[in-house]
Amino acid sequence: MNKVLMTGTAIFFSVLIAAGCGMDNNARENDNIMNNELKNVTYDEQTNENRENRMSVADNAAKKVADMKEIKYANVIVLDNTAYAAVMLEGNPKGKLSDDLKNRVADQVRSTDRDLDNVFVSENPDFFDRVKDYGDKIRNGEPVSGLADEFGEMVKRMFPQSK
């Protein structure tokens, strides 16, 4: 009789423990679902006005880049936490930017703004002219409604990896 009671008690506690662990796993699964929902937040729903307020000319960064011996001119625009540097090389303006030089340009830009997540660099003459034009419009206080969206579309074509 004592063995039956002991076996019954052992089975009861085993079932109780297993049920408790199963409930804990469900709680963890719910936490993961909640966390995944929070991670999938996007900024696509923001208005143009808010986006334009985050578009600026980074003159300090452009000056630091232009002070590099390999760079003749530089223009830098920041949209959100991403900088776009357009450079004209010293000497041979049709030259190709090496990965090393791109990295050094990006480092110069980042040194002026630690909040930047990405820096994209191009020596493309058309991109240089367009970034200069956007910078001039922003500096002159011209209405820039739609400018951030237009600029965003241009950089998507120039830098497909920037989304």
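Which residue takes a positive phi near 60 degrees in the hairpin of strand 2 and strand 3? Aspartate 80 does so, in a hairpin with two residues between the strands.

The structure is a predicted model, in which local features need pLDDT of at least 70 and side-chain atom pairs count only at pLDDT 80 or more, while totals for chains, interfaces and linings use all residues. Residues are numbered from 1 along each chain as its sequence is written, and side-chain values use heavy atoms, with hydrogens and water left out.

**Overall organisation**

Six helices and four strands make up the protein; helices (H or I, at least four residues) and strands (E, at least two) are DSSP runs, numbered from the N terminus. Their order from the N terminus is α-α-β-α-β-β-α-β-α-α. Of the 163 residues, 29% count as buried, where buried means under 20% relative accessible area, exposed over 50% and partly exposed in between (1.4 Å probe, protein chains only). Among contacts (heavy atoms within 4.5 Å) between residues at least 6 apart in sequence, 60% join residues at least 24 apart.

**Strand pairing**

Strand 2 (residues 71–79) takes part in two antiparallel pairings: with strand 1 (residues 55–57) over three bridges, and with strand 3 (residues 82–89) over eight bridges. Two strands are regarded as paired if DSSP finds at least two bridges between them. Methionine 55 has leucine 79 of strand 2 as its bridge partner, and isoleucine 71 is bridged to leucine 89 of strand 3. Seven of the nine residues of strand 2 are buried.

Valine 65 lies in helix 3 (residues 59–66) and is buried, with a relative accessible area of 0%. Leaving aside neighbours within four places in sequence, valine 65 is in contact with Ile71, Ala74, Val87, Val105, Gln108 and Val109. The C-alpha atoms of valine 65 and alanine 106 are 8.6 Å apart, although 41 residues separate the two along the chain.

A nonpolar core is a set of buried Ala, Val, Leu, Ile, Met, Phe, Trp, Tyr and Cys residues joined through side-chain atoms within 4.5 Å. The largest such core has 21 residues, of which Val65, Ile71, Val76, Val87, Val105 and Val109 touch the most other members. Helix 3, strand 2, strand 3, helix 4 (99–110) and strand 4 (118–122) each give two or more residues to this core. A second, separate core of 16 residues includes Ala86, Tyr134, Ala148 and Val155.

**Helix packing**

The table lists two helix pairs; axes are lines fitted to C-alpha atoms, for helices over the stretch in contact, and angles run from 0 to 180 degrees between N-to-C directions.

| Helix pair | Axis separation and angle |
|---|---|
| Helix 5 (residues 125–139) and helix 6 (residues 147–158) | 12 Å apart, about 165 degrees |

The angle between helix 5 and helix 6 makes them roughly antiparallel, since angles under 35 degrees count as roughly parallel, over 145 as roughly antiparallel, 65 to 115 as roughly perpendicular and the rest as oblique. Helix 5 passes helix 6 in a left-handed crossing, whereas helix 3 passes helix 4 in a right-handed one. A crossing is left-handed if the near helix is turned anticlockwise from the far one by less than a right angle, and right-handed if clockwise. Ala61, Lys64 and Val65 of helix 3 meet Val105, Gln108 and Val109 of helix 4.
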